[in-house]
Amino acid sequence: MPRPIEALIHTSALSGNLARARAAAPDARVWAVVKANAYGHGIERVFEGLRGADGFALLDLAEGERVRKLGWRGPVLLLEGCFEPRDLESCSRLNLWHVVHCAEQIDWLAAHKTHQPHRVFLKMNSGMNRLGFRPEAFRSAWARLNALPQVDEISLMTHFSDADGARGITHQLAAFDDATRDLPGERSLSNSAATLRHAPGVAAVDPRRFDRADGMQMRNDWVRAGILCYGSAPDFPAHDIRHWGLQPTMTLRSRLIAVQQLQPGDTVGYGSSYTATGPQRIGIVACGYADGYPRHCGTDTPVLLDGVRTGTVGRVSMDMLAVDLTPVPAAGIGSEVTLWGHGPGDTVLAIDDVARAGGTIAYELMCALALRVPVSVSE
Ligand SMILES: Cc1ncc(COP(=O)(O)O)c(C=O)c1O
């Protein structure tokens, strides 16, 4: 029998979360962001749940090819554009739209031979300082692109650094707005946090932080919904998935493979980081950091045991971790343990809660699901 650990990808949760993005941005089209192998879920596994999107945004040509192999004929956007000139040949062959964020990418386009002009998204560095033309260089980049026969429609794009936090998006929106006001083309501005938090009429956000309150118009023809599609709150812990109406799309679950009865003073696991203060039953779960469970999660990281919330005990090891059985005295070998996602009945353990206990974010946990964990797609 294989180890009892497994992951499930939930198709209806993916489509439900996508519907949340649509509801938050009713006038926009929605890119489902499926980079990093659909945030660790697997592009092929999420395709059914996300095929209601208007397009798929990703990074690697190989991922673009996979989306085309699934039969998707709609828009596909390379979020970082081409990494070298010959990538443009693949863009022509696969009809991939691509971001243009630096002068070299314009040079490559100018030298590219294609029958079909390319749809490009010209990216502004409005403050994130990763990719894009600075506002003062944006217009001349646009003019260069606009003069190329290799280029069809030019859309305008930027990326927010603080849509999930206190600084907000106003400063970047102002920079973008000032430099693009009279330029034609569709706009793509918002990631998940901006889509949910800075949507028109969002009551949940402190109105003093409502970035559009200063009258600035945020035109968003395409929102880029990543983490919200995968059932994590982009501004956790300020808000959780219940608040945003999102559902987990990945469940990681396993079973107890041993039970230990601790006496006062007994310790648990490597480094003896946990000491029992009284008699205590603990269960050993077939899940460790080699499965992608974060090693930084210390004692009391939440887990569901037969659907009941309890906590981990001691250090996570490569293949095992320990949980407190106190809240479920009947638990024994074979009892179901939900590390994150959907538990028995209607129980849910948000991946955000686990990520926080490990000092990280849900993005990292999803992406780190290990290859050795068998994954299946469920309704
Ligand atoms: C350019 C760009 N747009 C959109 C996204 C999606 O972000 P999120 O997953 O926070 O929605 C990302 C992700 O990092 C990104 O790099």
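Modeller: Keep in mind that this is a predicted model. Let's begin at the ligand: one of its nitrogen atoms has a polar side-chain atom of Arg224 2.7 Å away.

Colleague: And how far is the ligand from the side chain of Tyr39?
Modeller: An N or O atom in the Tyr39 side chain is 2.6 Å from an oxygen atom of the ligand. Gly226 uses its backbone instead: an N or O atom there lies 3.0 Å from a ligand oxygen.

Colleague: How much of the ligand does the protein cover?
Modeller: On its own the ligand has 400 Å² of accessible area, and the protein covers 90% of that. The ligand takes up the space of the largest pocket.

Colleague: Which residues are around the ligand?
Modeller: Among them are Lys35, Lys123, Arg130, Met157, His159 and Tyr363. By class, the shell has four nonpolar, four polar and four charged residues.

Colleague: New topic, the backbone. Which peptide bond is cis?
Modeller: The one from Phe236 to Pro237, with omega near 10°. Pro237 sits in the loop between β9 (222-225) and α10 (241-244). Most peptide bonds are trans.

Colleague: What about phi at Asn37?
Modeller: It's positive, near 55°, and Asn37 is not a glycine. Asn37 is in helix α2 (residues 35-39).

Methods
Residues numbered from 1 in each chain as written. Predicted model: local features only at pLDDT ≥ 70, side-chain atom pairs only at ≥ 80, totals over all residues. Heavy atoms only, no water. Near = heavy atom within 4 Å. Polar contact = N/O pair within 3.5 Å; in protein donor to acceptor, adjacent residues only side chain to side chain. Areas by Shrake-Rupley, 256 points an atom, 1.4 Å probe, with all protein chains shown as cover. 1 Å grid on protein atoms, 1.4 Å probe; cavity = no way out; pocket = protein on both sides within 12 Å on 5 of 7 lines; lining within 4 Å. Sits in = over half its atoms within 2 Å of the grid points. Nonpolar A, V, L, I, M, F, W, Y, C, P; charged D, E, K, R; others polar. Helix = DSSP H or I, 4+ residues; strand = E, 2+ residues; numbered from the N terminus.
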